[in-house]
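Hi there,

Here is the structure I promised to hand over.

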Amino acid sequence: MIVLGVETSCDETAVAIVENGKTILSDVVYTQIKIHEKYGGVVPEVASRRHVQKILTVFEEALTKSNLTPEAIDYVAVTATPGLIGSLLVGLNAARSFAFAHDIPCLDINHLHGHIYANYIESDFHFPLVALIVSGGHTELILMRDHYEFELLGQTLDDAVGEAYDKVGRVMGLTYPAGPKVDRLAQIGQHNYSLPLTYLDKNGYEEGFNMIENDVTREMIIDLINEAIKQGVSKVKCMAKLKKVYNLPAAELSDMWVKCQGEYMTDIIDAVKNIEEPKIISDLEKAKKIMLEYIRNGETQADCIGMINKEFKFGANMILDLWNECMKQPESIFKCTSTDVKNNLKVIG
């Protein structure tokens with residue numbers, strides 16, 4: 001028995017010819033990845049139009065590679081559901097037209113069943129069995145007690161695994177399709193983040209992956225805020241940019257900022273505690289003497305603070321306190337020799 005299969009449920013135009021369910025005589029696939037890459041995902045209208053342009057070419061190439069004529073085909077099988085409506089219609093019309101023209105029976109197929117039976121090409125089925133479908137926009141757990149008997153045990157309650165991969169990749173700045181890139185990065189990454197479990201229904205097998213996407217987004221934003229704080233970026237500027245990119249409520253972003261700022265200050269305090277007290281006192285005394293000299297030389301407050309910060313890295317508030325302390329000591333600041341006085345009188349005269 002020879003079957004010609006047609007698949008156009010999403011963004012790939014595919015025609016394959018298989019003998020006795022095991023031997024692949026031809027398998028031709030036209031992919032649209034490059035077309036949809038610039039959009040960050042599949043655009044249904046664009047996908048269906050591209051199917052229209054390529055379906056006849058793919059049909060002809062599949063027949064040519066199999067060295068068969070239409071008369072040798074026993075059945076035509078075509079994806080009828082689920083999928084993008086416009087894309088499905090292109091495949092359905094092409095398959096039914098081909099079958100009608102050559103008087104061949106045409107079978108409408110649920111392509112999720114096709115995902116399961118793709119494994120049959122490699123090895124026979126031994127019932128009962130459990131099949132896990134994690135293709136594209138689908139995540140389902142199926143029990144099969146015999147051929148063509150499908151019992152749904154559980155499925156995702158929101159996004160599928162594939163959608164979660166792509167959305168996480170988009171948050172990370174990866175190009176479409178981001179799923180494979182995320183998977184490769186996961187092989188070399190480290191377990192630095194704690195993400196929620198996806199198991200939702202303890203009495204069944206329902207799952208959800210939207211919470212992972214949200215949690216990854218939060219972790220990414222927190223990392224960005226931490227980096228912004230370390231670089232001295234203002235809260236207003238940081239919040240405006242994050243809101244534009246992630247479109248989250250201002251209150252939620254502000255809460256993240258407070259959390260990060262609190263942790264950052266704790267780290268600073270812990271770091272300071274590890275520094276020997278004599279060294280801190282020594283550096284402060286040294287900085288004070290240098291600042292007094294700067295003031296005596298007529299440097300402005302801004303210049304003094306800038307030069308001390310460059311040399312000691314104390315931070316603006318600490319240096320400002322140092323400035324105020326120095327300004328309370330006029331006898332040291334304006335102390336001058338008789339030579340200084342004579343020189344000043346010459347200038348005035």
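Let me start with phenylalanine 125, which counts as buried at 15% relative accessibility (buried means under 20% relative accessible area, exposed over 50%, partly exposed in between, with a 1.4 Å probe and protein chains only). Before going on, please note that this is a predicted model, in which local features need pLDDT of at least 70 and side-chain atom pairs count only at pLDDT 80 or more, while totals for chains, interfaces and linings use all residues. Residues are numbered from 1 along each chain as its sequence is written, and side-chain values use heavy atoms, with hydrogens and water left out.

Aromatic pairs

Phenylalanine 125 forms an edge-to-face aromatic pair with tyrosine 120, at 5.4 Å centre to centre and 70 degrees between the planes. (Rings of Phe, Tyr and Trp, the last by its six-membered ring, pair if their centres lie within 6.5 Å; planes under 30 degrees apart count as stacked, over 60 as edge-to-face and the rest as tilted.) Tyrosine 120 is partly exposed, with a relative accessible area of 24%. Both residues belong to one aromatic cluster, together with Tyr117, Phe127 and Tyr148.

The structure holds six aromatic pairs. Another of them joins phenylalanine 59 and phenylalanine 98: the ring centres are 5.3 Å apart and the planes sit at 40 degrees, so this pair is tilted. Phenylalanine 59 lies in helix 2 (residues 44-66) and phenylalanine 98 in helix 3 (residues 85-101), so the pair ties together parts that are 39 residues apart in sequence. Both of these phenylalanines are buried. Helices here are DSSP runs (H or I, at least four residues), numbered from the N terminus.

Helix 7 and helix 8

The axes of helix 7 (residues 210-230) and helix 8 (residues 235-246) come within 11 Å and cross at roughly 155 degrees. Axes are lines fitted to C-alpha atoms over the stretch in contact, and angles run from 0 to 180 degrees between N-to-C directions. The two helices are therefore roughly antiparallel to each other (angles over 145 degrees).

Where do helix 7 and helix 8 meet? Thr217, Met220, Ile221, Leu224, Ile225 and Ala228 in helix 7 meet Cys238, Met239, Leu242 and Tyr246 in helix 8, with contact meaning heavy atoms within 4.5 Å.

Helix 7 also holds aspartate 223, which is partly exposed at a relative accessible area of 32%.

Best wishes

How values were computed. Parallel < 35°, antiparallel > 145°, perpendicular 65-115°, else oblique.
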